[in-house]
Amino acid sequence: MKFFPLIWSNLKRKKLRTFLTLLSILVAFVLFGLLSAIKEALTGGISMAGANRLVVQHKVSLILLLPESYKARMERIPGVELATHQTWFGGIYQDPKNFFMQNPVVPDEFLSMYPEFILSAEQKKAWHETRTGAIVGRKTADKFHWKIGDKVPIQTPIWSQKDGSSTWTFDIVGIFDGKEKSTDTSSLFFRYDYFDEAHRGDRGQVGWYTVRVKDPKTSAEVAKLINKEFENSMAEVKAEPEAAMAQEWANQLGDIGLITTSILGAVFFTILLVTGNTMAQAVRERTGELGVLKAIGFTNGQVVAFVLAESCLIAVIGGVLGLGLAWLIASSGDPTGGMLPMFFIPRSALILGLGFSAVLGLATGFFPALQAMRLQVAVAIRRM
């Protein structure tokens, strides 16, 4: 630490150059942080998907309905512990941009299937006692300033009521939180019995099933048994692990991991060239000074440490500032208004970013440090 003033003074030698280099690194790490948040938003459902849960949908398409009677047949299959269903409601609140998921469910079965949703006992009781009751995630409740007791109108182009109205009004009886930060709390769930009785279509139809298996190791075998159970029926099914279904949804947008890695690789390669050139130029400008340091007793190792410390310092400062700015932007919430409900930078990405900043400093300072180590004292002093 006693040599820190010397290292810092070298960075202040060319203030504009140092500032522009720092700015380029900062922008790179802001991009890294925001892309990490986008990747988490698009693929977060994969990591939080239950290892012991299967999703069972119509074999042809998710938009085709399944009989509600399939539930009892599934629960008789060896290895199945619980089955419950949901149906895509496809509604909006006030404006088409206010889109979020709403599904009719069976309350007890649903909450048992998804223990990651935290709802108080009092609110569970209210949900049972209120036929038009609905529970909503904390994220959406905060976004629209909803509170328990509010009546919320939801319009849907898919499900009209018996009187022809496409507007459904729900009573907010509970607001649920997530057990983990990655838990999606942007959805609204209401009672299936109310939905099934009130809508204009056929009774006893559901969108898809979620099945919990007793042993996650038997998931693949149970999925095969479920598929076989409904072979040659009017509505054949496709059962797959919940994580696999989440991956399929994410893959509709492309290989998110490859896209983000490619973008970040191009950005960091460019920053590597810019910062490396800056450090090399700084060493060339201080050839004489480095020669003096060697002349008064500084070893080659100490000179190398000086150059590496300088490059690492500017890289780490730029990385910390960039990650901090990205974290502030991500903390303000989903910038798309609902399309990326789990928009945040995971802690692992922040740690990885700090690691990248240190590696960037070492990589950009390596060759300039090698150049400084090879300087001959007499030649370096003559260049002063």
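Biologist: Which exposed residues does the face of α8 turned away from its buried side carry?

Modeller: That face carries Ala220, Glu221, Lys224 and Lys228. Keep in mind that this is a predicted model.

Biologist: Which residues of α8 are buried?

Modeller: Ser219, Val222, Ala223 and Ile226 are buried in α8. They cover an arc of only 105° around the axis, so they sit on the same side of α8.

Biologist: What do the buried residues of α8 pack against?

Modeller: They pack against four strands: β1 (53–58), β3 (80–86), β11 (208–213) and β12.

Biologist: How many helices and strands are there in the chain?

Modeller: The chain has 14 helices and 12 strands. Of its 384 residues, 47% are buried. Among contacts with a separation of 6 or more, 79% are between residues 24 or more positions apart. The accessible surface of the chain is about 19,300 Å², and 62% of that belongs to carbon and sulfur atoms.

Biologist: Next, charged pairs. How many salt bridges does the structure hold?

Modeller: The general idea comes first. Side chains of opposite charge can pair when their charged atoms come close. This structure holds 13 salt bridges. One of them joins Arg73 and Glu229, with the closest N and O atoms 3.2 Å apart. Arg73 belongs to helix α3 (residues 70–75) and Glu229 to helix α8, so this pair ties together parts that are 156 residues apart in sequence.

Biologist: Is Arg73 buried or partly exposed?

Modeller: Arg73 is partly exposed, because its relative accessible area is 28%. Glu229 also counts as partly exposed, at 33% relative accessibility.

Biologist: Which residue forms a salt bridge with Arg212?

Modeller: The partner of Arg212 is Glu81, and the closest N and O atoms are 3.5 Å apart. Arg212 lies in strand β11 and Glu81 in strand β3, so the bridge ties together parts that are 131 residues apart in sequence. Arg212 is buried, with a relative accessible area of 14%, while Glu81 is partly exposed at 45%.

Biologist: Which residues are linked with Asp193 in a network of salt bridges?

Modeller: The network links Asp193 with Arg131, Arg191 and Glu197. Within it, Asp193 forms a salt bridge with Arg131, the closest N and O atoms being 3.5 Å apart. Asp193 is in helix α7 (residues 192–198), and Arg131 is in the loop between α5 (121–129) and β6 (133–137), so the pair ties together parts that are 62 residues apart in sequence. Asp193 is partly exposed at 32% relative accessibility, and Arg131 is partly exposed at 34%.

Biologist: Now the rings. How many aromatic pairs does a search of the whole structure find?

Modeller: A pair of aromatic rings is described by the distance of the centres and the angle of the planes. The search finds 28 aromatic pairs here. Among them, Phe29 and Phe32 form an edge-to-face pair, 6.4 Å centre to centre with 65° between the planes. The angle counts as edge-to-face because it is over 60 degrees.

Biologist: Where do Phe29 and Phe32 lie?

Modeller: Both are in helix α2 (residues 15–48), three residues apart, which is about one turn of the helix. Phe29 is buried with a relative accessible area of 0%, and Phe32 is buried with 3%.

Biologist: What kind of aromatic pair do Phe110 and Phe117 form?

Modeller: Theirs is a stacked pair, at 5.8 Å centre to centre and 25° between the planes. Both Phe110 and Phe117 are buried. Elsewhere, ring pairs link Phe89, Trp159, Trp168, Phe170, Phe190, Tyr192, Tyr194 and Phe195 into a cluster.

Biologist: Which residues form a nonpolar patch on the surface?

Modeller: Leu16, Phe19, Leu20, Leu23 and Val27 form that patch, with about 490 Å² of accessible area together. Leu23 is placed in helix α2 and is partly exposed, with a relative accessible area of 37%.

Biologist: One backbone feature remains. What is phi of His145 near?

Modeller: Phi of His145 is near 60°, a positive value in a residue other than glycine. His145 is in the loop between α6 (138–144) and β7 (151–155), and it is exposed at 68% relative accessible area. Asn232 has phi near 65°, again a positive value in a residue other than glycine. Asn232 lies in the loop between α8 (219–229) and β12 (237–241) and counts as exposed at 74%.

Technical notes
Residues are numbered from 1 along each chain as its sequence is written. This is a predicted model: local features need pLDDT of at least 70, side-chain atom pairs count only at pLDDT 80 or more; totals for chains, interfaces and linings use all residues. Side-chain values use heavy atoms; hydrogens and water are left out. Rings of Phe, Tyr and Trp (its six-membered ring) pair if their centres lie within 6.5 Å; planes under 30 degrees apart count as stacked, over 60 as edge-to-face and the rest as tilted. Helices (H or I, at least four residues) and strands (E, at least two) are DSSP runs, numbered from the N terminus. Buried means under 20% relative accessible area, exposed over 50%, partly exposed in between (1.4 Å probe, protein chains only). The arc is that of the directions from the helix axis to the C-beta atoms. Contact means heavy atoms within 4.5 Å. Patches are made of residues with over 30% relative accessible area and no salt bridge: like charges are joined within 9 Å, nonpolar side chains (Val, Leu, Ile, Met, Phe, Trp, Tyr) within 5 Å. Accessible areas come from the Shrake-Rupley method with a 1.4 Å probe; for residues, only the protein chains shown count as cover. A salt bridge is a side-chain nitrogen of Lys or Arg within 4 Å of a carboxyl oxygen of Asp or Glu.
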